[in-house]
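Okay, everyone, thanks for coming. Let me put the model up and walk you through a few spots.

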Amino acid sequence: MNIRLLTMLVLALAALTANAQTLVIRAGTVYTAGPDGVINDAVVVVEDGKISAVGPANRVRVPGNATELQAAVVTPGLIDARTTVGLSGAFNVPADQDHEETTDPNTAHLRALDGYNPADPLVAYVRSLGVTTVQASPGEGNPVAGQAGVFKTAGRTVDDAALVPVSAMVFNLGEAPKDAWREKDRAPYTRMAVAAIIRQALDGAQQPVPSDAPPDLKRQALEPVVDGALPAIFTAHREDDIATALRLCREFKLRCRIAYATEGYLARERLAEAGVPVIVGPALQRLENLQTYNASLENAALLDAAGIPIVFGTHHESYVPKNRVMLWEIAVAVANGLDPQRAIRAATIDAAKLLGVDKRIGSLERGKDADLVLYDGDPFEYTSHVTHVIVNGEVVSDTPR
Amino acid sequence: MQRAIVAFLCLLFGPLAATPSGAQETPTAFTGARILTAAGETIENGVLLVHEGKIQAVGDTASMTLPRDIEHVDASGKVIIPGLVDTHSHVGIGGRPAVQANADVNERTDPVTPQLRALDAIWPADPGIRMAQAGGITTANIMPGSGNVVGGQTAYVKMRGDTVDDMLIDGSLGGLKMANGENAKRNYGSRDKAPMTRMAEAALARDLFVRAQEYRERWQAWEDGERQGDPPARDLALEPVVEVLEGKRIVQHHTHRADDIASVMRLARDFGFRVVIQHGTEAYKLAPELAAADIPVSFIIVDSIGGKHEVMDYRLDAARIMHDAGVNVALHTDDWINSSRFLLREAALAVRYGLDRDEALRTLTINAAEMLDLADQVGSLEPGKDADFVVLSGDPFSVYTRVEQTWIEGEKVFDRADPEDLRYATGGFAVAERYPSTNDAGEQQ
């Protein structure tokens, strides 16, 4: 072979593997969130962007030429199962607010994929505190808001970052859609109209389409929802809104998830019976509106105790702070009755399974993506720090936070 | 004989009462606790003696001789800290739920309203007050909002009482709430009213202070003229500003960006008044200047950056930076921005980002009290001060620590062991019997 060609080939191969450093992480405790459970005095080996080994230090063969990191505790990267981060930008001005298309109450055809900004300062911020994957969602103002997507918090473009470009259809009940549309003098003003708009949209997607009908992107977007192929997330805080969500899901046979479920602890029997997973709201949810007036710090623990599958979401903040820190919200839930190991699994493998990405992420198992978080103490203690965040085997954050 | 009867009665009723709710008549000693006084070293095994609403004594168990005929409360294993002082709260005027009916924070009809008084809007039955008790807050500065350049007169209150008169701290004047930066100009500029720019915000403030100076001169002239003739017409808007000019009333100034903070410093220097920087997001950039001018900063720990331009350079380690530069730093809730239940959490996060632990406790107690001219009365556990204290289950800066009891002037206002009070700590106070109860085995029903 031509020596020049060979050289070029070798250089090209070197360039491909240049970013794939080998990492050896030595930790006091590793929460794998996988079949290996919790391992003390553990080692995690990262090669070529994947977990190549995880186990007790005295049983794992450690490659040479590796960068070594130390940690008190390691967990898989945290998964925020529903957030407007990336769409609702840090500056909070019209130019960077792309989560709320309140120009029509049914915007089923919108995709978070088309608005998610990986370079928004909040993406780097939440990443620095351990969130490695998000389900980015349209906002809460529209009854039929549009399509969420699952993205890693690393990657220069959304296409690099996307794990599931279209992951769920988002619907919103309760006060937010009423507030958004009453000020425009348009429906919905009432909860009746919110539900009616949703039913009309879903019903339309179930109807046979005449062969001469013009393309309808909204109806097309809702077809997989009524087919049960695409999950349906319903924002619902108040007990009666949770009941409305369950009713709509039953009527249209949707793959149902409830977002927030602020009064979920009051509706826990019905939720458990329905077997519907809940993307709980932040523990520090403000008690401010009528629908959040009964928010409880113990909600996550109470839902979990009732057998309801829970994952965590930071959802949406409209002002200051512009986003919640998922790790710190989970900490308060743990301090108010939620078992810590349960909490770690809910924030990692359970969320990965719910989002359909558990083949790649959610636990520290050989062959999965190397998305990990390193801590210098109890991850939930106020005074501990996230010391390193690793996504796809690359250290993306190494300032203690 | 009488003494024996009294002693017998104490024996009879003492152990039956889990904790006395009032320590007004009989001195009460809280014993065996780790006591953080905010006035010196930690007392590892200490006694806090309380009588008639005041702290009688505080010290090491080994070196304290307690009087006889007092009540004892065993506080072994607990941590006792001073009642927390929140320099920036809208509890009571931004009532819960946050519907228009309860929204009395921002008088959006005029950007300069020094005549407004928070005390006229405080709703003592606001659940937010009980939630603040659940968070260990005993004293607060309840303020109008930052939507106006001059929001009005603030109220220094104790977090207890059925009427605002019960709440107001005797002899306190309250502060004057002012604000610059984005909020006021967005509030008015968006409606095509002044102020639209920072220039107009500053001009409105200067105009007010000049008018107050002239008002004061008119009154002084009338006094100097031995009160001959009719006095000048009273102006309820200018009177509180004259109190500011005379050093009796502190300006509590909401401001974020470094240039806006500099504007506040300029105004304070030009007109000679005392000021506390409220929030001071970028105050860390001006820390040496603030320290040199002896201007304190009451900061807030918010969980993330963003929300508006003027807070984009927010840093969680700003409290540490400012303290290291010699600035007097407090931490506040700005309830409802942060919940009053979680003021201790703010100090814990400040510790996370480098602030010394003893100083972190002072940001919630004595430093805050100084910014309200209340340091003689509250803010530390010292003899003669109000018996405002909090009994914690452990380290004040641990996520696992509970506020167990909150006491104001020797009366217990919050007790986590009381099922009703517990619901103000956890949430769910309006749900009553529907809140899942824990059965005897500690399992949720």
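I'll go through a sheet, a helix beside it in the list, and then a helix pair.

Quick housekeeping: this is a predicted model, where local features need pLDDT of at least 70, side-chain atom pairs count only at pLDDT 80 or more, and totals for chains, interfaces and linings use all residues. Residues are numbered from 1 along each chain as its sequence is written, chains are lettered from A and ligands numbered from 1 in the order written, and side-chain values use heavy atoms, leaving out hydrogens and water.

So, chain B. There's an open sheet of 6 strands with mixed pairing, in the order β8-β10-β11-β12-β13-β14; strands are DSSP E runs of at least two residues, helices H or I runs of at least four, numbered from the N terminus, and pairing takes at least two DSSP bridges. At the edges sit β8 (150-153) and β14 (329-331) of chain B, each pairing on one side only. Inside, β10 (176-179) of chain B runs parallel to β11(B) over 4 bridges, with B:Ala179 bridged to B:His254.

Now α4(B), residues 182-189: 6 of its 8 residues are buried, meaning under 20% relative accessible area with a 1.4 Å probe, protein chains only. Among them are B:Asn187 and B:Tyr188. What do they pack against? The buried residues of α4(B) pack against α5 (198-224) and β11 (251-255) of chain B.

Over to chain A. The axes of α5 (191-206) and α6 (217-226) of chain A, fitted to C-alpha atoms over the stretch in contact, come within 8 Å and cross at roughly 85°. That makes α5(A) roughly perpendicular to α6(A), the label for 65 to 115 degrees.

Methods. Buried < 20%, exposed > 50% of the residue type's maximum accessible area, 1.4 Å probe, protein only. Contact = heavy atoms within 4.5 Å. Axes fitted to C-alpha atoms, helices over the stretch in contact; angles between N-to-C directions. Parallel < 35°, antiparallel > 145°, perpendicular 65-115°, else oblique.
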